[in-house]
Each structure stands twice: as C-alpha cells, then as structure tokens.
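Here is a short briefing for anyone opening this structure for the first time. Please keep the sequence and the 3D view at hand as you read.

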Amino acid sequence: RSCLLSYCMSLPTVRQPPTIIKQSMKDHIVDPKDTMVIECEAKGNPHPIFSWRRNGKYFNVARDTQVSMRRRSGTLDIYAWNNPEQYEAEYQCIASNAYGSAYSNKIRLRLYRAPVWPREVLEPLVVSAGLPLVLSCDPPPGPPKPETYWMSSCKSLLQVSMGINGDLYFSNVQFNDSAADYCCNARFPYKNVIQQKMPVVVKVLTSEYDCVFTVSICFLVHKIILLSCKVLNYFYLPTPRIAWTKNGDDLGASPRIKVKNFNKMIQIQKASFDDVGEYTCTATNKIGYIEHTVTVRVKAAPFWLEKPTDLVLAPEENGRLLCQSDGAPRPTVSWFINGEPIEVATPQPNRQVSGDTLTLRAVTAENTAVYQCNVSNEFGYLLANAFVNVLHATPRILGARNELIKVIEGSRPLLDCRYFGSPVPELRWSKYGQGTLEGNRFKTHRNGTLEIKQIRIEDQGTYLCVVSNVAGRDESQVRIEVKEPTLIVTRPQSMKVIRGSDVRFECGVKTDVTTPVTTTWMKDKKISLDESNLVITNANRGDEGNYTCVIKSEMEQKSASARLMVMDRPDPPTKLELSDPYERSVRLRWVPGESNHNPITGKKLQYDDDDWLPGKWRNLSTYPGNLNSVILHLTPFTYYEFRVIAINEIGMSRPSRPSTRFQSSAPDVIPKNVKGVGTWRNNMEISWEPLTYRQWNGPHLKYLVWWKRRDSREEWKNATTKWLKYYIYDADTFTPYDIKVQAVNDFGLGPESPVVTGYSGEDRPLTAPLNLRVSDIESTQVTLHWDSVTRGSMMGELKEYKVWVYYIYDRIMSKAYPDNHPEPSGVLTGLVPYSNYKLYIVVANNRYEGPPSNNIVFSTPEGVPSAPRSFRIQQRHLDSIYVDWDLPAEPNGVITGYSLKYQTMNATRGEESRVEELTPNVTSFSVRRFDRYTRYRFSVAAQTRIGTGEWHTEESPHYTTESTSLPHTRWSTKQTLLSGGWMLDQVDITTQGWFIGIMCAVALMVLILLIVCFIKRSRGGKYPVREKKDISMEPVDDKDQEGSFDYRGQSSMEAMMKRSDSDDSLVDYVEGSEIPFNEDGSFIGQYTGTRRDVRELDFGGTLELHSSVNTIYSLA
C-alpha cells in the first residue's frame, strides 16, 4: 500500500492532502545582521496554502512589513531592520488544502549575539601550597554553547585539569603554579569566534584540607557523558594516582569509553541505558586514598519506534495509523485532526483511538484528513503528520506501454508495471496472455515489477501485465529479446617496460552476431581512443597508469584493465637536511625520490667546496640504496654544499637540489715532516710541510716554532712566522736541539707536532783516516782497510768514508763507504787489469770532506782480453775467403796469441769446427772455398797467459763465382758494418725472386703479342694500331684489296730487334723507369731510338723474331 501511495502522489490528477517535506530545525539560531530565514515546504493536490503561528497564536505575515513569505512556499524571510529581538519566538508552519492541514515542528528562533565577557576587575587569588584551587571560566551563554579551554605561560602539569563546565581545577597547588596570565578562552562555533576572559593572577602560599562528597548526574540518551574526578579538587600532596570502577567492577575496554586528562575524566560516546550505574574514582598516594562516587542516570527524550504513514483507502476499506515511540520517562501520545485535538473534533463512529493507535473502519470520504501524532515528555517532543485519502478510482497502469526490452542471457531483467487504483487492484503477469507465470525463476514484487532470474533464450517473447479491481481493469505488454552475453576472450596484460619502449595492449571480444559493440580504451577513467588494440610508441612516464578496455553494447558493458608501469631513472632525492654538526663531521638526511618501478641500488653523494668557482661538483662517496641518512667526515674551515644522486639499473637520477651551505669548525692538523738542519756552521734551519688551504681551519694562518737544546734544562724558546722556514743563529757547531711546530690562526692554536731532534750546522772535519792499506789485489778489484776517526774531530755527522782513485795520473773515480763497522773496510771494484793505480781516503760529513790520508800505489794483475776489433771477411779470389782483425780494445795484459775457429754453414749436423792457433803477430787468415755456394762461420779470440778472452763470431756473406760469365747480369752492392769496419756485400741479381717474376711476365706478354700478330696476318685482318694511337694518323690505304697494310721502313724494325740483342737488356727497363705500354698492352716500337708512325714500318717481309725470343730465354 505504501508503494501505491507513492504512485498516487506522483499523479497530477489525484487529490492528496498536504505533506510537510522541509522545515527548519527545532532550535534555529540566526544572525540578525543577515536575513533570517525559517523554512517550510509542503506538497499536496491541490497545492497547499501556508499560514504561521507565533507563540501559539496566529501570525499575520501580510501585516508585518519586515516579514515576507515566498511564493508557493511557506518559507519566511525576516529582514528585521528595527528591533530584531521582537522576532525571538516559537514558530509553527501550517500547510492546508481542501483535504486537510499538516503542521511542522515548533521552531524556536534565537538570535546570535556576539559573545562578550563583562568588564570586571579580578582580584589576585592567594592560595596555600598543597591546597586545591578552582578557577572559574563562566563564558557567555551563547547561543550556541561555547567550547572552552585555558591558556597560561605555565606548563601543563599532572595536578591540573579542566572540568565539564570549563572551570580549571588544581588538585594541589605548587609554588611554580604562581602566574599572572591564566586566561579562559571560549570558542563559539556558529561564527567560529574566540573570546578571551580577563587574566587571573594566582599567588601560592600555604596548604589546608577539605572533604569529598558523592554526586548524582543525569544524562540524555545519545549524548556524551563526561565524568570528572572531583576528589582532585580537595587532595593533598603528592599528586595521587587515579583509578575508575563501575558498580564495583573495572570499566573494561570499550571503544565508546575514553579516559582523558591523566585518568581525571571519563568520556562516554552516545549514552545508552546500559551506562546507568555508580562510577567511582579512587585517588591514592603515599598518605592514603580517597574515593569520589558519581551516580549516572540516563534519561531520553521521545524517539520513534514507528511513525504514522500516509494511507490511500477505497470506500468501505479499513485502515490504521500507528504512533509508537519510547523515552525515559515514557512519553504521552496525543492525536490531532488537521491540527485540532481529536477530542474536540467532529465525532465519527468509524474512528477509534486506543493509545498510540488510530483505527478507521469502513472509511468514507469524510475520513479524508491530515492526522497529527504528538509524543512528549519532560525532555522533548515529536510531531508527525500522516494523511488519510479516501478514493474510488479504476485501475491505471503508469509509465510506458508496449516496451521492447533487450537483455543478456543469464541476467535478471525487471519488467515494470507500476499501477494505481482504489481499491487496490489485483495484478497478474502472463506470457502471450496465457496462464500465470509461476516457478522459482519468476517473482512479482509489490510494486508490480516482474523479476526473471537467470533468463534463458527460450524466455524470449511477449509478457502481459493485467491489473483489475471492482472498478475496472487495465493491461500492458512487454516484449523481451534475449541476446548472447559479450565476452572478452583476450584480456590486456599488465606490463612493466623501460622508458622509450613500444607497448601493445590487446582486447579480443566475442559477442552476439546481432549486437553491435564499440571498443573504447580509457586511461585512469579518461577516454583515450576507440580501437580494439592499443599501441603506445616511445612510452614515457606520462603514459603510466591503468588502461581499461571498455566493450559497450546497448544492453551491457564489459571491461578489462591492465596496468602499465614505465621503468625509468629514479627521481632525485628531496629535502636535503644537515644536522648533528661537529668539528669534522655532519649528518646529511634526505627524502628519497620515486624509484620509478626499478629498485634504487645506490646513492652517489657529491660535494662542492669551492667558494670562488661554485658548481664544481666532485664525488664524495657511494652508499647503498636503502640509506637515507649518512654521517660525512669533513675538512674544517671549509664551506660545503652537498647533493645526492640516486642510481638504479636504468641509470642515474638528476642531481638533487643542493643542501644549505655548511662550514666546518676549528683546526686540528699538525705540520708534518718537521726537521732541523744546519746550513752554516753556527745556525740551524727549521722547516716543515705547509698546511693545505683546507687544513687552515681559519684565516691568517701562521706557525709557532719551538726549540731548546737537547738534554738541557733551559726553557723552550719560540717564534711565530708565516713562512715555511725559521733560522736559529749563534748556535754551536753540530749541536742537537729539540724542536716542534704548531699551526696558529685567528681562532687559536692547533695541536703541537711531535718533538723531533735537529742539529745545527757542520764544519770541515779536522783529521784524516789513518793506516790506509790494501789486500787481496785481483785483476778488477781490491780490498781496502783503514782506521776510524774520532767523533769529536768530525765537526758534524759522520756520513761516509770516500776513496779517491787515480789511473795513470788521472783522477778517474771515487767510491763512498758508510761507517757501519768498528774496523772499517771496503772492496773497490771496476778496476782495469794489468794497470797501475794510486788512491787515498777522506772522511766526510753532510757538508764537507776532511783532509786526505796517506797515498797507496798498487798494480792489478793480468786478465783475459776483450774481443778483437775490426773483424773483416773478404773474397780476394774466386776460390778463397780472406779474414783479418785488429788488436783488442782492452788487452788486459800481454797478448800471447789468437785462436780462430771456422766451420762451413751448410755442412751436415755434427761436423766439428776447425781451430787455428795463431801467434800474436798474425792477424789474418785465408780459407780455400770448395764451390761458390759454401759459406763459413768464423770465431776469433785473443789470449793472454791468464786465458782466452771474449770471442767474436761472424758469418761470411753469399759469394758467386760467375759474375764475368753472364754478360746480362748486373750486380748490386751494399755496405755492412761489422765490428767497427766496413765490407762489400755483393748480391747476384739473377737469383732474386722479384727479377725472375718480372722477366717471366715480360716474356708472356711478348709471346701473346706475337701470337695475335700472326693470327691477324694469317686472316688478312688489319692490326688496329689506328685506334690505339693518341695522335692523329693518316688515312688507311684502301687500295689494297687483300685487307692488309703496306708497312714500310723495314730497317726500323731491324733496328728495334737489334736493340733487343744488345748488352743493355730488358733489366735496364725493369730497374729504371717503367716500360711505356700502348693502350692495347703491347710495347712494339718502344725500343727504337725515335718514335715513329706505325705506318712507316714494313712488315711485308719475313720477320726474324727468334733473336728476341732467344734473348728472353737467355735472361730467364
């Protein structure tokens, strides 16, 4: 019947009593500076007329110039130019037409007033320490009720809390609670205005005690319960611990119960009757404990269990209006008809009221009215309107008729058949008008809609809806076409690609052949294009997202989605922050950028410390990708900027924004390599390595130099310099000093360097080594011995003993020996055997050599000589080889003879070499050759009585014995440097491979040319010389009928042939300039002295070519 009512209300021709559809809240707060609006909207047929009551009396809106009512509405607009307070009242809207009157709630209109605390002088509050204290807030009442909070320069303590009414409670006042700025603030939510009370001054003195009591509080249902532990207002020091119980048991865990203010307050959301009980807070400290009990009672304003609903009845039908509600205390129910109490309304015998139920039997048109139900108790009221409309109407089907519905197989189609009639018609669905649809798959709803579950192809057809009552009948039909469902057979697949790749999403569809479909691609709910397959070329980060393939037909829509993730270099880190600064370190933090779907594997940290040329970034270190904070070790007195680069497998991100500039602090580096060295006999130079600019750690760097005599009791002396050296004068010769250096700048002294020992300058030694002697004289070395000198005579550090050696009265060498043995000695090497030497020894310090010792003269014995010089191999005759040589460069004694070995090079393996022992005056030897191809290997060495010296080995060159028998062979010569001398190396050119190859090529070309000439002549053809000449020729004689040329000048041809037989063979042309060839590859006529036209040659006679061919063969 409720569905029937909704259709009835939508019909413009069906009468309808009024219904309130919109109204203002019961407690309506407005700003008098603006237009005050009280809303009231209603509907009905005919359209209702509106009127208002103010404070229970009729309000004549037309006579009030500051009030107007909107057209076709009951909404009031109150402008209140003058005296807006007169409109603060209780208003009620009445909507009426011919079939009844509907009433709105009673709307209480209240004006918003700017909250202002009264100007008052607050005397200082003096309280003893340890006693409780309450600071009252008393904010302006509103409307609406404000939210309060306290502010002060004192910090929030455990013994301070705020009460439900906004007062500030001190459980026990302490001395540090004394302040002059305790201010209560009130926030008014209507305008979001905050007002502050005059500050309260609190002075703390001494303490006293008060008692505790039990209270009872009442709360409304669905409101917030706030319970404060009042025991804190009267308790001693120390501050107690608080615990809560309900009816003797723990509160238990509940999402509605919250403990606030350090257990000083309990808040319960949406109070219910289950929250009734005794809540006890127990405060405990070392002195004892005390309890405060709060009894909570929950009351409720009326609330609906079932509201009365509108009824549309046919004559003689029965109806009932229910008005069920509840509350605490239980509300009373009152009924009204068109706003008039039912007790004073016209009695109707078919109407009966029984508490919260109004019953109508066998209704007539006189029962048409708007009935009001009012339920109320001491905490509020509820008012509901419901009309009863008595109609007699024939059935009518609402909406479209003869519809065609296309559905998908397996779906749940709904066939609408909305209808209206009074009395309520009966409804019947059938297929093709036959029978009634029955079964589990067919369901008829109360509003007339037919639902078919899991529709099949065989369910296709025409369905008939028939409604009827005693007043008549109506019908409508719906035709259904069942289609095969659309299926996505190929779904797009999610992908992860590298930026710049091509992407292809596929979306294959299977659908009913009679149903056209469209394919649309969407990216993140935005339409991109209409194609079955989506191709994205050169994908970038902007292409990333969810791609959805939407298949749409007129009946359904299917979709399939895939996500595209584009892998790229990571985004740069952000929000670089420096913290925890120390003298030589700082912590750098950053927020990592997006990895762009590829894990970050590392972080590269760069820095810039150049104040003059910023932007020169350098790599500092590389860290793992999961780190977002590192500690950096820095150089003091340097301005740093840092930036971070993220790295993944794709590449490196762009650098982050630089961090703030950071300067590390004070210096802490010591000068290195401190040493003291004398440069003159009475001074000492103290030097050190300079500190780099990064190590300065401050401006105006200088060095503080300290020194004192070693092993003495004198005080340290010091001097400051900006240079890297400092000189001490008037020092004794070679005296040890303790020295140290430290860096100094404007910020102070740096650490001292370790103490090192330096020596003043040295002087010339006073004595020479004594008793110099030699032993173990060998040909190339000798052993020396001498006595040490005393340390006192060194005048410095004994650096070494130096031996000076003279050879044949010339100074040739010196050698130093360290002082590392109490009986010094040394071996002098590199001597020449069989020579006379003179030597002496001196002692040396770091600057000077001392006087020389006694001279020693000695001779070295003989040794073995070096190799003979200028070894030469010559061929003076065709059948012999001659060798000779000179004396060795270093005889190393008296030459007693020479040893000569020789052996043929092409002899079989195992043949022994021949040895010739020669006297010292013989320096040559001759060997007879067996043939011209025999070569020899010679080895020669000089001898002394000590033994044989170094061997000199050399091989003879290749000689030929037929140089005079070949008139056409030319010899080439080359000089070879052997053992300091020069010799002639003759080479037979006819045995060279390159020459044989050229001759073969020339012979082949001549042979081919002759064959071509013979073939041309035998066929009577003409030799095509005319085409090959690069100069103009005379016309060919055409008179010769045989097709041959008349060649003349046979003498020239013979001259040419003679040139081929001359001593100057073709080799001259091969080794000289290139042979000029004609264009056809021939070289006819190139051997003549002058160039002549080919027509001048006479080839009529017999050519004697054998001479030229023989010459070629002989050359080959």
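Strands β77 and β78 are joined by a hairpin through two residues. β77 covers residues 868-877 and β78 covers residues 880-888, and six bridges hold this antiparallel pair together. Two strands are said to pair if DSSP finds at least two bridges between them, and helices (H or I, at least four residues) and strands (E, at least two) are DSSP runs numbered from the N terminus.

The model is predicted, so local features need pLDDT of at least 70 and side-chain atom pairs count only at pLDDT 80 or more, while totals for chains, interfaces and linings use all residues. Residues are numbered from 1 along each chain as its sequence is written, and side-chain values use heavy atoms, with hydrogens and water left out.

**A four-stranded sheet**

- Four strands in the order β80-β79-β82-β83 make an open sheet with antiparallel pairing.
- Its edge strands are β80 (914-918) and β83 (952-955), each of which pairs on one side only.
- From one strand to the next, the twist averages 15 degrees; axes here are lines fitted to C-alpha atoms (for helices over the stretch in contact), and angles run from 0 to 180 degrees between N-to-C directions.
- Inside this sheet, β79 (residues 897-904) and β82 (residues 936-943) pair in the antiparallel sense over eight bridges.
- Lys 901 stands opposite Ser 939 in β82.

- Strand β63 (residues 684-689) pairs with β66 in the antiparallel sense over four bridges, and the bridge partner of Ser 687 in β66 is Lys 725.
- Ser 687, found in β63, is buried, with a relative accessible area of 10%; buried means under 20%, exposed over 50%, and partly exposed in between (1.4 Å probe, protein chains only).
- Leaving aside neighbours within four places in sequence, Ser 687 is in contact with Asn 673, Val 674, Lys 675, Leu 724 and Lys 725; contact means heavy atoms within 4.5 Å.
- Glu 689 is also found in β63, and counts as partly exposed at 39% relative accessibility.
- With neighbours within four places in sequence again left aside, Glu 689 is in contact with Pro 671, Lys 672 and Asn 673.
- The C-alpha atoms of Glu 689 and Val 674 are separated by 7.1 Å, although the two residues are 15 residues apart along the chain.

**Strand β48 and its two faces**

- In a regular strand the side chains alternate between the two faces of the sheet.
- Strand β48 (residues 503-506) has Val 503 and Phe 505 on a covered face, and Arg 504 and Glu 506 on an uncovered one.
- β48 pairs with β52 (residues 533-536) in the antiparallel sense over four bridges, and Ile 536 in β52 is the bridge partner of Val 503.

**Aromatic rings**

- The count of aromatic pairs comes to 22, where rings of Phe, Tyr and Trp (its six-membered ring) pair if their centres lie within 6.5 Å, and planes under 30 degrees apart count as stacked, over 60 as edge-to-face and the rest as tilted.
- One of these pairs is Tyr 902 with Phe 925: the ring centres are 5.6 Å apart and the planes are at 40 degrees, so the pair is tilted.
- This pair links distant parts of the chain, with Tyr 902 in β79 and Phe 925 in β81 (residues 924-928), 23 residues apart.
- Tyr 902 counts as buried at 7% relative accessibility, and Phe 925 is buried at 17%.
- Tyr 902 and Phe 925 form one aromatic cluster with Tyr 936 and Phe 938.

**Charges over rings**

- The charged end of Lys 708 sits over the ring of Trp 716, 5.3 Å from its centre; this term applies if NZ of Lys or CZ of Arg is within 6 Å of the ring centre and within 35 degrees of the ring normal.
- Lys 838 lies over the face of Tyr 806, at 5.4 Å from the ring centre.

**An annotated stretch**

- An unreviewed UniProt entry lists residues 993-1015 as "transmembrane region"; UniProt positions are given in the numbering used here, feature names are shortened, and annotations may be inferred rather than shown by experiment.
- In the model, residues 993-1015 are 100% helix and 0% strand, and the end C-alpha atoms are 33 Å apart.
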